[in-house]
Amino acid sequence: MSALRCGMAAPSTAQLMNRNAPRRSVVPRAAAPDAKAPAMASTELTYNRLLLTILDANPYLSDGSRTAVATAAHMAKTYSSKVTVLVVDEPGTDNTDPAKRIESITWHLKDRGCDNFDVVEKATTSPASVLVG
């Protein structure tokens, strides 16, 4: 794994107030891992349960939702985790075929080797950024 290092001197208050001051930019540089540093063991982090929330009315899933499903399936396969898929229908969304969406999610998970999952559907009455329960 490459280390990402960036350095930048903090501007002074006078420079922040002066709009004509030269602008500085951060240039990230990837460095090879230090040979003397101990390698991080993959067993340090484990994920027993994963929660995947889908807020997508598209029955065949959008690109972002397919990427999220693929990531959850990969993590579940890697860590032998159980995935709970929470499918949320927000008010105002027109989901013409909810069964097709569940079938699509199931297919994408199984296609990527994830067999330990549950799918839960939830309809909301008001738009929310956080959904619990």
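Biologist: What should I know before I start?

Modeller: This model is predicted: local features need pLDDT of at least 70, side-chain atom pairs count only at pLDDT 80 or more, and totals for chains, interfaces and linings use all residues. Residues are numbered from 1 along each chain as its sequence is written, and side-chain values use heavy atoms, without hydrogens and water.

Biologist: In what order do the elements of the protein run from the N terminus on?

Modeller: Helices (H or I, at least four residues) and strands (E, at least two) are DSSP runs, numbered from the N terminus. Here the order is β-α-β-β-α-β-α-β. That makes three helices and five strands.

Biologist: Is Asp56 buried or exposed?

Modeller: Buried means under 20% relative accessible area, exposed over 50%, partly exposed in between (1.4 Å probe, protein chains only). Asp56 is buried. Asp56 sits in the loop between strand S3 (49-54) and helix H2 (63-79).

Biologist: How do I read an aromatic pair?

Modeller: Use the distance of the centres and the angle of the planes. Rings of Phe, Tyr and Trp (its six-membered ring) pair with centres within 6.5 Å; planes under 30 degrees apart are stacked, over 60 edge-to-face, the rest tilted. The structure holds one such pair. Tyr47 and Tyr79 are edge-to-face, 5.0 Å centre to centre, with 70° between the planes.

Conventions
Lys and Arg count as positive and Asp and Glu as negative; His and the chain ends are not counted. A salt bridge is a side-chain nitrogen of Lys or Arg within 4 Å of a carboxyl oxygen of Asp or Glu.
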